[in-house]
Amino acid sequence: MDKFMKIDKDFLPIYEFNKTFDEKVRKEGADLFAFSVERNDGYSECFSIDVLKKGVDDALNFRRAERFIKTALWTVGGYKLKIIANDTLYKSLENAYSHGGKRDFDVKFFENVYDAPFSVERVPALLKSKRELVAADKNECGARIGLDAGGSDIKISAVENGNVLFSKEILWQPKVNSNPAYHVKFINDALNEAAAHLKKIDAIGVSSAGIYVKNEARVASLFIKVPENDYDAVRRIYIDAAKRLGAPVTVANDGDVAAMAGAISMDMKSVLGIAMGTSEAAGFVDDKNRLWGWLNELAFVPVDMNENAAVDEWSVDIGTGVKYLSQDGVIKLACLAGIEFQTSVPSERLKVVQNLLDEGSEVAATVFSDVGVYLAYSLLYYYDFYKFENVLLMGRVMSGLGGEIIMNKANEVLKNHGADKMFKILLPDENFRRLGQSVAASYLG
C-alpha cells in the first residue's frame with residue numbers, strides 16, 4: 001500500500017511492482033526478455049527487460065512480461081509479436097495472446113484494427129524499431145483546412161499562411177446515427193464551408209476520436225452505431241472527402257492533436273497530453289515536434305497490479321487506466337469512501353463529487369487527492385515509454401478545485417520519488433484555448 005493513498009488502500013502501482021520485480025532479478029539472476037510489436041507498413045517498436053531465470057518464479061515472470069506486452073500493444077499498436085524468452089515464458093505468453101486465451105479481447109481488437117490475423121512468434125533476434133514520424137509543428141505554409149470531429153460538434157477552420165480566415169462549430173449527433181450517409185454529409189458540408197473561404201486547398205488536417213491507420217477509421221466511437229456491413233462507407237470518410245476537394249489529407253487521433261495544440265500554444269516540446277473525462281485519452285509530441293504514429297490508448301494500459309483491481313467492462317481486463325484516470329476513477333473512489341448517489345449517469349455522479357468538494361467536503365477532497373496518487377504513479381510508468389518533459393492535463397476531471405488537488409498531490413508524490421525534475425505537469429493556458437484543435441489540425445501534413 002502506498003503511504004499517500006487514503007481510500008484505495010489496495011492500490012499497487014505497476015511502477016512499484018516493477019521496481020520490486022527488478023530488485024528480485026538483481027538478487028537472483030537474470031534472463032533476457034525482449035519483444036517487438038509490429039503494425040502496418042513494417043512499423044515496429046522493440047522493448048527489452050531482464051526477467052527471472054526459468055524456474056525461479058515462472059508465474060511472476062509471466063505477470064511482469066504479460067503486462068509489459070499489454071502496455072506496448074495499447075501504447076504503440078500492432079498485430080505481430082516477436083518474442084525472445086525462455087520456452088516456459090514464451091509458451092505462457094503465446095497462450096495468453098491467442099484466440100480463447102487470457103488476452104482474447106486484445107487479439108481480436110487488433111485484428112480488427114489492422115485487418116490481419118494476430119501472430120506470436122519466438123525469434124532469436126529482433127530487427128531495429130521503425131517509427132512512423134509525422135510533423136506536428138506549426139506549419140503555416142499555404143491554404144489549409146483543419147477539421148476537429150468530436151462527439152457533439154465539428155469544429156472547422158480555413159487557414160491561409162497562418163491566418164485564420166474562417167472558423168465555426170457545427171452541432172451533430174454522430175454517436176446515435178446509424179446511417180453512414182448522415183456522417184458523410186456532415187463531414188463534406190463542413191469541408192465545403194471551409195473551402196469556400198480559400199482559393200485553393202494545399203492540405204487538409206483532421207483531428208478525430210478513434211484509431212486511424214493510413215488515414216482510415218479502423219475503430220472510431222463517432223461511428224459506433226454504423227452497422228458492420230455499412231462500415232466501409234465511413235471507413236474512408238476523410239480520404240474520400242479530401243479526394244473530392246483535390247487535396248491531400250492527414251488524419252490524427254484527437255489526443256495527438258490536443259498534445260500538438262498544447263505544444264504549439266505553450267511553446268513546448270516533448271509533451272504528453274492526457275484528457276481525463278469520460279475515459280482517459282492521450283497523445284504525444286516528441287522533442288522534435290513529431291507524432292510517432294502510436295495509438296496512445298492509455299485508457300487500456302495497466303496501472304494497478306492489485307489482483308482484485310477494478311474491472312474495465314469493455315475489455316474485461318483489470319487495473320487499466322480507464323478506471324483510474326477518468327470520471328470512473330472519481331466515482332469508484334467516491335463509492336469506496338461512502339458517498340451515495342441518486343443518479344446512475346457517470347457525468348452527473350462526477351458533478352456530485354465536484355459539488356461536494358465546492359461545499360467543503362473533506363471526503364470529496366480525499367477522493368481527488370487519491371486520483372492525484374493514481375496520476376503520479378501512472379506518469380512514472382508512462383515515462384519509461386515516452387520520456388516526456390511536459391505533461392498537459394485536460395478534461396472535466398481536471399476542472400475546478402478538484403483539478404488543483406489532483407495536480408498538487410501528483411506533484412507531491414513525484415517529488416517524494418525524486419521525479420519532480422524529470423518532467424513538469426501543466427494545465428492548458430488561455431493561448432491553448434484560443435488555438436483550438438481544428439486550427440491545430442490544419443498544421444498537419
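This is a predicted model: local features need pLDDT of at least 70, side-chain atom pairs count only at pLDDT 80 or more; totals for chains, interfaces and linings use all residues.
Residues are numbered from 1 along each chain as its sequence is written, and side-chain values use heavy atoms, with hydrogens and water left out.

**Figure 1. The whole protein, before we zoom in.** You can pick out 14 helices and 17 strands here; helices (H or I, at least four residues) and strands (E, at least two) are DSSP runs, numbered from the N terminus. The radius of gyration of the protein is 22 Å, close to the 22 Å that the globule rule gives for 445 residues, so the protein is as compact as a globular protein of that length. That radius is taken over C-alpha atoms, and the rule is 2.2 Å times the number of residues to the power 0.38. Those C-alpha atoms fill a box of roughly 70 × 60 × 40 Å along the principal axes. Of the 445 residues, 57% are buried (buried means under 20% relative accessible area, exposed over 50%, partly exposed in between, with a 1.4 Å probe and protein chains only).

**Figure 2. Helix α9 and its cover.** This helix runs over residues 327-336 and is mostly covered, with seven of its ten residues buried. Those seven are Q327, G329, V330, I331, K332, L333 and A334. Look around them and you'll find α10 (346-358) and α11 (362-386) among what covers them. Just after the helix, G338 takes a positive phi of about 95 degrees.

**Figure 3. G77, a glycine in a loop.** Find G77 between α2 (58-76) and β3 (80-84). Its relative accessibility is 0%, so G77 counts as buried. Who does G77 touch, once neighbours within four places in sequence are left aside? The list is V37, R39, A72, F110, Y114 and L295. Now hop to N296: G77 and N296 sit 219 residues apart in sequence, yet their C-alpha atoms are 8.1 Å apart in space.

**Figure 4. N18 on helix α1.** N18 belongs to the helix made of residues 14-28. With a relative accessible area of 6%, N18 is buried. Skip residues up to four places away in sequence, and N18 touches R64 and Y381.

**Figure 5. Two loop residues with a positive phi.** Most residues other than glycine have a negative phi. D41 has a positive phi of about 60 degrees although it is not a glycine. You'll find D41 in the loop between β1 (30-38) and β2 (44-52), and its 43% relative accessibility makes D41 partly exposed. V316 is not a glycine either, and its phi is positive at about 55 degrees. That residue is in the loop between β15 (290-291) and α9. Is V316 buried or exposed? At 58% relative accessibility, V316 counts as exposed.

How values were computed. Contact means heavy atoms within 4.5 Å.
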